[in-house]
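Subject: Structure handover

Hi,

Here is the structure for your files. Please open it before reading my notes.

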Amino acid sequence: MTDRKEADMGGVRLELTVDAVANGGWCVARHEGRVVFVRHALPGERVVAEVTEETARFLRADAVEILEPSPDRVTPPCPFAGPGRCGGCDWQHASLEAQRRLKADVVAEQFRRLAGLDLKVVVEEVPGAEDGLGWRTRVRFAVERDGTAGLRRHRSHEIEHVTECLIAHPGVEEVGAERLAWQGAASVEVVAASGGDRAVIVEPAPHRRADIPDVDAAVLLDEGKRGTRALRGRASLTERVGERDFRVTASGFWQVHPGAAATLLGAVLDLGRPEPGEWALDLYCGAGLFAAGLAEAVGPEGAVLGIESEPQAAQDARFNLRDLPQAQVERGRVEEALDRLRIERADLVVADPPRAGLGRPVVERVAGLEASRVVYVSCDPATLARDVAWFAGHGYRLEDLRAFDQYPMTHHVECVALLVRD
């Protein structure tokens, strides 16, 4: 069931005073006592907003005219940003400083509402995109039936045809996917790795054969549940962090901001303070970024176990940690692997779960390990705050929190939290 209904007010224009920022790239306003979530607005502005969706509880709307602008408002650098246009960016109309303040307000509000904590949050810049552009090393383009590629509009299947994406990394733009014909494809994902490799992952449209143009990149075919198959070039990319190279399957997970991997690794090690000889766990370890840093810190007298459910990522992690005998990787779901291996304790736990967070069963299992420190990396402040509240019920308190602007121009923010046992 959903509370979404036919937009009786769809297209209606309302004059609104915009209040606080909300999670997801919205600001909150009210109309006749009803909450209105407004995009393309900033707190304090007076706007004309056009209703795009009505539910039983609230309205969604786009600010289509700014009557009283905020001093934080700027002209969006991208010509495809704005009401009814590309949905990839949320805050192109705000200065970078304002974007970080807005994200800090969202993180603080989530912790206040879901964990009962009053925090002062500062969102830090991530090196590598000083103007907030040219950072996204992985971009997925949707493809029309005629083969033209573009980006989805907000909350829509409609495609905005763009000549370039300003937040895309130069290595992505050099492929020129949005200017090529992709007959028979449903989507095209372009990846530019820090080691200089590039890959294009093509998802065929149902019952159609994809006709792939000549591109300066490895080409992989997305075969659904069977995974990806290399048609040209290698199926993996090389990502470099400090002095260490990581092999990452082209279709697998890696941080999309070029400075994010090093920044997050530094934050995890600074907050977690791994010591020689300690026993550490890296949950949802992916290709082994944190496990490698932990293994170097605990040394040969210590031990690190990485747990990863995705088969290819686990294989990549084993390859990337092959020179660190104190580090091992186990494939499986976190709680299943911990039980199967009879892991009952740890000195330090690092967890970097998907957007859905750890969830109550994993929080309970991790808390039962009685680690003195838990470092939690999260791309969703709401699920992070929820899980922090659950950890509190098991004797863990939030000692530190850092937030990073590794997705400029969007509403997304990355957090690294340190939980310690009371």
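This is a predicted model: local features need pLDDT of at least 70, side-chain atom pairs count only at pLDDT 80 or more; totals for chains, interfaces and linings use all residues.

Residues are numbered from 1 along each chain as its sequence is written, and side-chain values use heavy atoms, with hydrogens and water left out.

An unreviewed UniProt entry lists Gln255, Tyr284, Glu308 and Asp352 as "binding site". Such annotations may be inferred rather than shown by experiment. From this set, Gln255 belongs to the lining of the largest cavity (points on a 1 Å grid over the protein atoms alone where a 1.4 Å probe fits but cannot get out; lining residues have an atom within 4 Å of a point).

Gln255 sits in the loop between strand S17 (244-249) and helix H3 (260-272). Helices are DSSP runs of H or I, at least four residues; strands are E, at least two; both are numbered from the N terminus. Gln255 is buried at 8% relative accessible area (buried means under 20%, with a 1.4 Å probe and protein chains only). Its side chain makes a polar contact with that of Gln406 at 2.7 Å (N or O atoms within 3.5 Å, one able to donate a hydrogen and the other to accept it).

Asp352 lies in the loop between strand S21 (348-351) and helix H7 (360-367). Asp352 is buried too, at 14%. Beyond four places in sequence, its contacts (heavy atoms within 4.5 Å) include Gln255 and Tyr284.

Asp316 is in helix H5 (residues 311-320). Asp316 is buried at 2%. Arg247 and Ala287 are among its contacts beyond four places in sequence.

Best wishes

Methods
On a 1 Å grid over the protein atoms alone, a cavity is a set of points where a 1.4 Å probe fits but cannot get out, and a pocket is an open set with protein on both sides within 12 Å along at least five of seven lines; lining residues have an atom within 4 Å of a point. Buried means under 20% relative accessible area, exposed over 50%, partly exposed in between (1.4 Å probe, protein chains only).
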